[in-house]
Structure formats: structure tokens, C-alpha cells
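Have the sequence and the 3D view open as you read.

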Amino acid sequence: MVTYLICTCFEIWKCTKDARSCLCVNVLNDCHGVPKSQGSAPVRDEVDNYTVMRGIQNDTHTVLEFRRALDTCDPDDYILSSDTVRVIWAMHEKDPHYNFEMVYHGASRGSQSLHLLAPSVVPKPDQAGHVRNWDVTLKNMEVKQDMNTMYWCKIFKAPTLNQKHHIIGYEPIIGANHSSYVHHMLLHECPVDPRELRKWEAYSREDGKACYSPEMPVGWEKCLSTVVAWAVGSKGEIYPEHVGLPIAEKRNSFYMLQVHFDNPSMKRAVDTSGIRLLYTNKLRPNEAGILVTGVALSTLHVIPPQQKEYRSAGYCSFNCTKVVLPKTGINVVSVLMHSHLAGRKMKLRHVRGEKELLPIAQDNHYDFNFQQSRRLSHGVNILPGDSLITECTYSTMDRNKPTLGGYSTSEEMCLAFILHYPRTDLAECFSMPPIKYFFENLGVKEFYDKSFSDIERIVLEGGSDNAVVLPTTKAPLFTYKPGDEHSPEANEQAILAIQNAKDYTIEGESSNLSLLERLIIKEPQEFRNKSFMAHLQDIPYNETILTQTLEEYFYTGLHLTFCRRKNDTLAFKQQVENFPKFVNYSTNETGIRCSYRTRQLPSDAPNLRPHFTNHLLLPLLISLLISR
């Protein structure tokens with residue numbers, strides 16, 4: 001984790017005391033961090049860019065207010081932006097004296113990631129009147145010591161309400177001493193057939209089931225409409241006064257809470273975590289909903305090892321928004337961007353026609369441990385026919401094996417949860433590489449001794465821990481013919497088996513072979529008799545041109561797109577689509593130009609990233625580099 005230091009050293013040297021506090025004339029020093037070889041104490045800048053506004057100290061608090069330009073053009077100052085900033089603090093037990101030399105602070109230190117330029121936080125409403133709570137929490141859920149990652153799902157029956165209510169915010173309830181276990185929580189609304197109310201009543205009295213396991217009832221899979229998305233580090237969210245989410249619209253309404261427990265230390269725990277919903281009968285002017293975009297969760301989401309930066313993208317097609325969104329579009333309120341431990345940057349891109357607009361949300365300093373939703377400071381309207389691109393940039397310099405998509409925090413995700421109004425039928429808009437396109441671009445033409453029907457059988461017998469579990473069937477799901485990578489029907493069948501594949505975890509080898517380990521290559525001859533996972537690990541990712549080509553093909557190449565409604569139906573069949581061509585967004589900055597940065601990177605410097613258009617280049621490169 002890279003730490004960004006905002007260093008301001010200050011001393012209180014003249015005070016006018018009364019009985020309770022000390023109003024101070026203070027000196028603030030502009031400092032910067034230095035390499036360990038130069039010592040551990042911050043060093044004063046040559047230029048002071050900070051202005052003291054006021055300082056107050058009493059028996060319990062020290063408050064210092066100051067101001068500075070967001071970009072001071074001082075190479076020793078950190079540029080402040082909308083990115084996540086990790087603020088470091090340290091405090092000595094004694095006040096320093098004028099012209100002091102800094103001494104070591106001891107254990108009195110810490111850090112906190114913040115969105116410094118975010119809009120003002122909406123205050124929590126007074127609950128003495130019309131605002132009520134609904135605590136959706138687990139009851140003594142056991143986190144087992146033999147599992148490093150566990151997803152637990154429980155059904156809840158909503159309070160019975162005699163009139164319409166709106167959710168106006170939420171906050172996490174984390175069990176005592178369990179903050180290190182709970183990675184994220186999602187609350188989904190469940191469509192329930194009135195004829196099955198007794199069954200759902202019984203579900204709500206149970207402790208829950210392992211999510212998407214054979215033990216989980218099939219009906220729970222239809223709980224897709226996201227109501228709340230919380231992730232580690234977030235304090236929750238209070239919605240602005242013009243939006244609210246409807247709750248318990250039917251007399252018998254049910255919700256599913258999904259909790260991801262991350263347990264890398266393999267310790268046993270008993271947890272009572274969950275989410276507190278704040279709701280009111282004083283309805284807001286606009287009813288909101290949550291749209292999830294990004295990369296569909298599957299083992300086909302591959303991030304090469306030993307990469308300083310590698311980008312992946314999930315494509316929400318213009319065809320999806322054109323079909324489902326209303327004519328006036330939707331207005332974005334906030335965005336929660338979600339990745340795992342390898343994530344370093346995230347961006348939600350917005351394309352209209354052949355032009356990219358201002359990113360809806362962006363964070364070039366993504367912090368896995370601070371996944372707070374971002375309320376927008378500007379209005380964004382997504383119209384029918386617009387495209388959304390959820391972009392994640394990963395760093396895998398500390399990994400020696402490919403990282404695949406999956407549930408564990410050592411695997412990866414790339415998702416954006418978009419709070420918007422008005423509420424629509426659109427629940428999810430994802431993409432992933434088409435199946436044959438994926439394997440062929442990694443140099444594999446055919447698997448040895450196993451047809452795709454055999455792969456289906458292995459997947460069904462081996463179970464599944466993926467996000468989407470589909471009804472089992474004895475009939476072959478699909479066969480492949482040349483040209484099927486462009487066939488929506490063929491890819492629709494292929495995705496059924498692939499989505500049920502076991503996740504491959506880069507840490508903690510499983511005793512059960514994953515799908516990619518069981519696939520044995522038949523063609524081409526140079527890879528014959530190798531498992532696909534072994535082949536994937538043998539690719540020379542240290543070859544820059546190769547990894548750039550991989551990134552290019554899987555980012556700007558073909559995408560298999562999914563457009564799913566809240567009732568668990570597709571707005572249309574999965575489609576193989578070309579990534580759109582558009583003019584990239586440019587800031588066209590006319591503000592401050594800092595000479596030291598201009599010398600380092602001229603504004604008209606060419607983009608040195610090659611653009612590969614030959615579809616045959618990637619498998620040829622892989623074949624040549626592995627066999628040399």
C-alpha cells in the first residue's frame with residue numbers, strides 16, 4: 001500500500017488561557033517526508049504554502065485550521081484531488097517549544113484514509129420523530145477456522161408497514177472485535193411468489209445458508225435487486241434529502257443479507273454483524289435504485305503477475321441502457337467502487353455516442369480498506385444509449401501467479417454500485433470475455449480428451465462457489481463450432497458452465513482441482529498435455545509487449561454483455577459486442593501549469609502505448625515466447 005503524506009508540523013507557542021481552553025497564536029511548518037536513509041523525521045520545505053486560520057486546544061482536543069492551494073506547484077507538496085488520501089498523524093505527549101527540533105512520537109500515531117474534496121456529509125437525521133431503524137443482523141454466525149473466505153446468506157422478513165416508507169440511509173453494525181473479518185455486506189430484495197409465503201416465512205426463521213452452495217434454496221438466487229452495498233472501511237451513507245429507496249412495498253416483503261467474511265488467519269469466530277436501515281414515512285421526492293456494473297465474476301477475469309499496472313474493464317453496453325432506461329435517463333447520486341487487494345485505481349467511464357464524457361467517479365489512489373461510497377459534487381445524467389465502462393487498474397508486483405476473478409480477497413473483482421434516481425428495472429449490467437475468444441487469445445485451440453459437454457459434467461459434479469448458480473441439467477449445455485465466438489446463442493450456453501466453475505485461489509491451494517486445472521490442452525501441439533492452468537502460469541508475463549497486448553485484447557476487444565432486470569430476467573440475450581470506439585475524455589486544463597511537471601511530461605507528449613489490431617498477434621506471441 002502506497003502512503004501519501006500530508007505533512008504539517010505545528011507548535012503552540014503563545015496562549016491566552018482561561019479556565020477551560022487555550023486560544024493560541026500558532027506556528028505551522030510546511031514539511032515533507034524523506035527516504036529512510038535521510039532520517040525518519042519530516043523535513044521543512046523551502047517554500048511555506050500553508051496559511052494558519054486558527055488553533056484551539058483544551059484538555060481533550062487540539063484543533064488546527066489551515067488553508068493551502070490544491071496544487072501548490074511545489075514538488076515537495078502532495079497535489080490534493082478527489083482521490084483517496086491517507087492522512088498520517090503523530091503526536092508527542094508534550095507540547096513542543098518555539099523553533100523546536102522534532103522528536104520521536106512513540107506509539108501515539110495513526111492514519112486515516114479520507115475523501116478530502118468530497119461534498120459535505122449529510123447529517124444523520126434526528127430519530128426522535130419519524131425516523132425508525134430496522135437492524136438486519138446475523139445471530140451468532142460461526143466463522144469456521146478451516147475457511148479463509150466465506151459468504152453467508154440469510155433471509156429477513158421486513159417490518160409490516162401500513163403505509164409507504166423510504167430508506168434514507170444505512171450504517172454498518174459490526175460485531176465486537178470482528179471488524180477484521182467482515183469484508184463487505186449486500187442487502188438484496190427478494191421477489192416472492194405469494195403462493196410460497198409459508199416457505200419464505202420459514203426461511204426467515206433460519207440462521208441462513210452458505211451463499212450459492214448446494215444447500216442454498218434455488219429461490220434465493222432471485223434475490224438480485226441490490227438495496228444496500230457496504231464494504232470495509234465505510235461508515236455507511238445518509239442519502240440527500242431529495243432521494244429515498246422504497247422499503248417493504250408489499251405487506252410480506254423479504255430481503256437477503258449477504259456477508260463476506262475474510263479470514264486469512266483461519267481463526268474461529270462467532271459474528272453478529274449486519275446493517276442498520278434508517279427509514280421514514282415522510283417520503284422523498286425521488287425514488288432511488290442501485291445499478292451494479294463491471295466485470296462479471298468468473299475465472300476468465302485474468303490479471304497477470306509481476307505487473308506495476310494492468311487494466312481490466314467491464315462494459316455496460318449502449319444496447320442495455322437503450323432498452324431499459326427511461327427517455328429522460330437516470331441521475332447519479334453516489335458511486336461505491338469495489339475491488340480487492342490488487343486494486344490500485346478505479347474509474348467509472350461514461351460514453352455518449354462517439355465521445356467520452358467526464359468520468360462519473362474516479363480514484364487514482366484506491367484503498368482496499370476504505371471503500372466509502374462517493375457522493376457526486378456535480379450532476380450526472382445517464383441517457384438511454386449511453387455506455388458505461390467500469391475500469392480497474394491492478395498492481396501485482398508481489399505475486400508470481402496469475403490472479404483470477406473470484407470471491408476471495410486474494411482473487412479480484414471490478415464492480416461499481418451506482419445509486420441513482422428514478423428507480424428502473426435495470427439491476428446489473430456486466431461483461432466478460434466470450435468463451436472461445438478468451439481461450440484462443442491465450443493460445444489454446446482445443447482441449448484434449450474433454451469436450452465442452454465434459455466440462456459441464458465436471459462443473460456440475462464438483463459443485464460451485466461462484467456468484468451465479470444455475471439449475472442443474474443432465475443435457476449437454478453446449479457444443480462449439482467455428483465462428484461461435486460471435487454467436488449469442490453459443491455464448492449463452494457456454495457461460496452456464498463457466499459461471500459454475502470453481503474459483504482458482506492464488507493463496508492456499510485447494511485439494512479439489514479447479515476447472516482450469518482440469519482442462520488439458522490438445523491443440524496447438526506445443527502446449528499439448530498441459531493443463532490450462534499450467535499453461536496460464538507459464539506465459540512469460542515479464543515480456544512487456546505481451547502483457548500490453550493481453551490488456552488491449554481483453555479491454556478493447558470483444559465483450560460478452562449481460563443486461564439483467566430486477567426480476568432476474570435478461571432484457572435481451574447475452575450478446576458478443578465490440579468495445580465501442582470513441583474519443584477519450586480530455587480535461588483541456590487551462591489552469592496552473594507547473595514548470596517542474598511540464599519538464600517531466602510535456603502536455604503534447606505522445607501516448608506510447610501500442611495499439612494492436614491484428615487478432616492473430618496475441619496467440620502467436622504466446623507461442624513464440626513460451627517455446628523459445
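## A buried cysteine and its partner

Cys392 counts as buried, at 1% relative accessibility; buried means under 20% relative accessible area, exposed over 50%, and partly exposed in between, using a 1.4 Å probe and protein chains only. Its partner is Cys414: a disulfide joins the two, S to S 2.1 Å. Here a disulfide is a pair of cysteine sulfur atoms within 2.5 Å. Cys414 also counts as buried, at 1% relative accessibility.

With 100° about the S-S bond, the link of Cys392 and Cys414 is right-handed. Cys392 sits in strand β29 (residues 387-394), while Cys414 is in the loop between β30 (403-404) and β31 (415-421), so this pair links distant parts of the chain, 22 residues apart. Strands (E, at least two residues) and helices (H or I, at least four) are DSSP runs, numbered from the N terminus.

## What kind of model this is

This is a predicted model, where local features need pLDDT of at least 70 and side-chain atom pairs count only at pLDDT 80 or more, while totals for chains, interfaces and linings use all residues. Residues are numbered from 1 along each chain as its sequence is written, and side-chain values use heavy atoms, with hydrogens and water left out.

How many disulfides does a search of the whole structure find? It finds five. In general, a disulfide is a covalent bond between the sulfur atoms of two cysteines.

Cys316 and Cys429 form one of them, with their sulfur atoms 2.1 Å apart. The torsion about their S-S bond is about 95°, so this disulfide is right-handed. Cys316 lies in strand β23 (residues 310-316) and Cys429 in strand β32 (residues 426-432), so the pair ties together parts 113 residues apart in sequence.

Cys320 is joined to Cys563 by a disulfide too, S to S 2.0 Å. Cys320 belongs to helix α2 (residues 318-324) and Cys563 to strand β35 (residues 558-565), so the pair ties together parts that are 243 residues apart in sequence.

## The nonpolar cores

A nonpolar core is a set of buried Ala, Val, Leu, Ile, Met, Phe, Trp, Tyr and Cys residues joined through side-chain atoms within 4.5 Å. The largest one has 124 residues, and Phe261, Leu277 and Phe532 have the most contacts inside it. Apart from it lies another core, of seven residues, including Val351 and Phe579.

Leaving aside neighbours within four places in sequence, Leu277 is in contact (heavy atoms within 4.5 Å) with residues including Trp134, Ile167, Tyr170 and Leu187.
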